[in-house]
Every structure is written in C-alpha cells, then in structure tokens.
Amino acid sequence: MTKPLTFGEAYAHPVGRDAVDQLLRAVGISSKWVDNPVVSRLPLSWLARLTGREQGAELLASIEALLAPQRPGDGEPANAWWQEAVFYQVYPRSFADSNGDGIGDLTGIIEHLDHLVDLGVDCLWLSPIFASPNKDMGYDISDYRDIMTEMGTLADADRLIAACHERGLRLILDLVVNHTSDQHPWFQAALADPDGEYGNYYVLRDGEPDTPPNNWISFFSGPTWRWFPEINRWGLHLFAAEQLDLNWENPAVRREVAEVAQWWLARGVDGFRLDVINFISKRDGLPDGNQLIGQTMGFRGVEQYFHGPHVHNYLAELRRDGFTRADVAPGTEGLGEDATAFMVGEMPGIGMETGKLFTNTGRGELDLIFGFDHLETPGHVRWDDYRYDLNRLKDYLIDYQSRLGPGDWLSLFFENHDNPRMISKINPEPRWRSHLGKLLATLQLTMRGTPFLYQGQEIAAINQDFPTIDEMRDVESLNRYAELTAAGKDGFAGVIAGSRDHARTPMRWEDSPGLGFTTGQPWLAGHETSAGFTVAEQRADEHSVLNWYRLLIQLRRANPALTKGSIDFVDPGRKNYFAWYRRLGEEAWLIELNLSDRELKRPLTDATATVVLGTAAKRAATMAPYEALVCRAAKS
Ligand SMILES: [Ca+2]
C-alpha cells in the first residue's frame, strides 16, 4: 500500500491546490488553513470529514486523477496591448435597439459607439451575435458564420468592425464551442446518420432510454444526457438539453473551430472570449462523478471535465491554428492585425494556480482567463441572498498578485452577463450606490491586471425588483424555479438573488419610457424607478459615477505606473482597509479604499501622498464610508 496523499502534497500541485481550495471554500473554510504545517501533513482523506460526509477513498481517487504532471509556466512578460487596455462587455440584446422590435441589435451598437469612445475604453467584447434559436440567449449557436436574425446581418457585422476600428477600438466576439445548438447542421447531420462523419462530432452513447450513461448533473438542472429516440442514443449536454457538447477528441471538430476563428479574423475581428473553454476535454470513458464533490460543488461530475486530460493541448493547437494570422509578421500589433488574436477563456472552477497553466506566456495557450472564485464569499453560492464582504475580494486579489510570475497576468472583473450586479450584492442601500460604484471602479482601474467592465457598471447599475417569475426570461432561472417548485420549495426566493436577468435588463440611456433603449416593448423589462442613474443624467452630473470612470480611465492612460507598474500592498491584515502603491520608474501612486459603510481611522501616514482623484478632497485622519482615493506619492 502506498502512503496516503497529504494536503501538502496535493497543494504542491497547481491543479490539486485549486481543487482542494474549491472544496474548502464551498464549505466556508479558508484555504489559509492548509498553510498550517500540521494540517499540510494530514492525509487528504480528512477532507471528507471536514465536509461532513464519508467516502474519503473515492474522493481521493477523484483528486489524484487531476494530478498529472504539468510543465511549469516560466515565460517572459507578454508586453502586449491587452495588458494596458480597458475592455467593455456589451450584451447586444440589451444594449440598444435600432428598429423598435424591443431587441438590441448591431446597428444599435454602432449608433452608441461614441459613448464607449467618450468613456475611454479600448476594446469591446460582444456576447453572442451568431445565428441561434436562443434557448440560451445566443450561447446555443446554429451557424458560426452568420448573424442572429434579430441582431442584423453579416454586412452589419462588417460595418460594426469597421466602425470600431475607425474609432481606435478593437472588437472581440464570443466563441461558444464547447457545444452547439441542436439546430446546428452538424447535429442535424448526426441525427440523420449517427454512424456517419457527424455522429462523431458530438458525444453520443448507446443505451436504454431510462438509464443515462453516467450520473453527471447539468448546469441548467437535471441529468447532462438527453435521449434521442430517433437514433436510440444519448447525447451529452453540460448545459441546456438543446446545447449538445462537441466531441473535441475528434480532430475534425478542432479543425472546424480553428477555421471559424480564422474566418472571423479575416473579417477583421481582433479576438474572442471563449465560452466555458476549460470544459472541452472530458475524462476518457466519461466516468461517474464523485458524490461528495457533487454535493459540495452543486454539480455532480465536474471533476471529470473542468480540467480534462487534453485541455492544454487543444488550446495550444487552437492558438496556433485558429488565432495566429498567417499574413502578418510575428510580434505585429494593430487593429485587425495582431499577429496572434486575443484569447480570453471563461473558466468556471479554475483557480489561480491552474489559471497560470493556461495563461503563462511560456505555455502558448490563452492570454487571460476569467475565474470566478472571487465572486462569492466562501460558503455561499450565487443564489444565496447575502451581503458580499469586500474583504474577501481584497484577500483574493492580494493572494493572486503574490503568485504572479513575470509571464503571468490576470483579468479583473466583478460583473458580466451571468452574475447579478455587484453593488446590490455588497450593500443595496440606495445612499451608498454611487459611493460603491466609484469604489469598485477605482479598484478595477488601478489594480494590476486587465479590467473588463460590463455594460451599466459605468452608471452604477443595480439589481431589478422583478415582481414574479413571469417577468424573467433566463433559461437557468426558469429551470431552477421549476425544479424548486416541483420539490415543494419557494422557487421565486430560490432564483431572485442570483438570477442572470438582473444584468440583462436594457441599458438605461435616458429617463424616458423606453429608456432610450427601444421605441417598442423591451424583450426583458427592468423595474427601476430611481432618478439620476441613466447615461444622460450621469453625463450631465459632474460628480457622477460615469464621470468618475472617465476620469479614472484618462488617468490610467496618462500614467503607465497604473497599468505596468509594480504593486505593493499596504497593511494587508487591516480589516476594511485596502491600499496599495503602484510604481514605475520615478512615478508612484497610492490608492486607498475604505471597504466598509462606516468611518475608518486612516492607518497610513504618507505625507508625500496628495489626492489626484478622490471621493474626499484630502487624506484626513478618518476615512469616510467607502472612501476611494487615488494619490500621487513620492517614489519610495
Ligand atoms: Ca432591434
């Protein structure tokens, strides 16, 4: 019998560390606990006891399966445009409707590009615009080379690309290739002839209609398997039943994906955000998921695909074949002609150490990832109605920054189309709305890393008071509501705090019945009546959150220390105080935040620091609630 695996040994491996951290966080235990030398010598099977359940041996086998040897990332600094850029995510359906059908479209985006120029961002990311039956709002694609009917046409997409480049903006699109829609011609061909070429494009399995091939649970409720009686086979879908997973083991599938990317690069697109891209490689044989991991994480089976055996190879291949332009010299940078188009991967369940395996420049895979570990306080999930503790975000960022080597970089985001609004999660009291909007902006735009703003963040958007489930549209919320209701629980209470619809209501351009978003009926209505939080009102108010964003982005652009400078945290153990220096050459900046809604004694006396942009005019002895200051300081 071999010696049992210890916490310390699991922690020495990047994927092992992140997997154990994930489980600890889910049960509300800080990962700092493992840094204790006594704990680090404990057998990892204790994890089963900690999480209050049995099955230690089975759990160990699941974690050991993740510990394949990994080549370290030891690359050189990227020195790339995207490290200094500010990204802005547009949810096209809810940004601007140009023809009154209540649905945002590409022409609407073109008509509002000057808002983004005015804000000062560098690159737009559009959530899906490709042809789709919209079972999951465009994340179910039926044609990668066409535009969703209600969004416009390929000619509109070309106009949008040109309009962005004319204004000095890059444009990246959403590439959803873990799965396609069941309406995609590849899947229709697989149904027509499951033993033919396209049958092997998907994960189809023989079986009996009442016995799915394994016990995995879908992210959108129920088993991950759909029975197709017309071919007597099961089809794998990690998400909705209409979103069938592609079989990345098939080289023909990988070639198709690379060709789609190249096709869009040839049209001038500057890169892609890759949807749930860490899920593309499933463990051979699709083994059952561990019960304990499933119960702890909420989705049985994740350990069999969240960091699958071939994911790194597939992404390196995709970078080479799909994202590298053959017609420009290596190292070239320019709108529509970067030698390697930008790649940011959405990676649920991937932590800091594993994240570096995907993004270190020495590994030739992705440029950046979106991990999600910072979006909930440990012990909570998105659906919980609770107050998010900003000290959690502080600890996460300090930890993350301390682990970055020269070839590493990180994305900075708090919001996107899949999460409720951060201000509402932290403190929904209306009087703190602008303070929090400015504090989050300051953090995101002066921390080392690449900020990704989500539409509405610049006007301090908040969650909506949906009165009933009938007002909601998102498949995830609707499925969860139905599942909870069928189990005799309060379905509405189970979805209202975490619904993705909070971030998907129309952009509030002006205080008018259609909000300047549409002249018709919006596809998803917001329920906000507060005054002062539309783009038009914020633009007219010198002290608005919108103008705060503009000034911060200008400051960032004018002072390279705020992007490329080193970062040194001040008094990191002090609760509710978050401060750091950014330094580059002779330039030095001090950023100070009060993370609480109470006054805080200012611990740092740096007489050289003078406020350049602040919610307070001076560095007084006491910080106001949610105070945010950006100060120039002497170099050392
Ligand atoms: Ca429209």
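The centres of domain 1 and domain 2, taken over C-alpha atoms, lie 36 Å apart. Domain 1 covers 7–64 and domain 2 covers 559–632; the bounds come from an automatic or database domain assignment. The model is predicted: local features need pLDDT of at least 70, side-chain atom pairs count only at pLDDT 80 or more, and totals for chains, interfaces and linings use all residues. Residues are numbered from 1 along each chain as its sequence is written.

The largest nonpolar core holds 167 residues, and Leu124 and Trp589 touch the most other members. Such a core is a set of buried Ala, Val, Leu, Ile, Met, Phe, Trp, Tyr and Cys residues joined through C-beta atoms within 7 Å; buried means that 20 or more other C-beta atoms, placed from the backbone, lie within 10 Å of the residue's own. Domain 1 and domain 2 each supply at least three residues to this core. Leaving out residues up to four places away in sequence, Leu124 touches Tyr88, Val90, Leu116, Cys164, Leu169 and Leu171, contact being C-beta atoms, placed from the backbone, within 7 Å. A second, separate core has five residues, among them Phe466 and Tyr481.

An open sheet of three strands runs in the order β7-β9-β8 with antiparallel pairing. Strands are DSSP runs (E, at least two residues), numbered from the N terminus, and two of them pair if DSSP finds at least two bridges between them.

| Strand | Residues |
|---|---|
| β7 | 204–206 |
| β8 | 225–228 |
| β9 | 233–236 |

β7 and β8 are the edges, each with a single partner strand, so one side of each has no neighbour in the sheet. β8 and β9 are joined over four bridges, and Arg226 stands opposite Gly235 in β9.

Note on methods
Buried ≥ 20, exposed ≤ 12 C-beta atoms within 10 Å, placed from the backbone. Contact = placed C-beta atoms within 7 Å.
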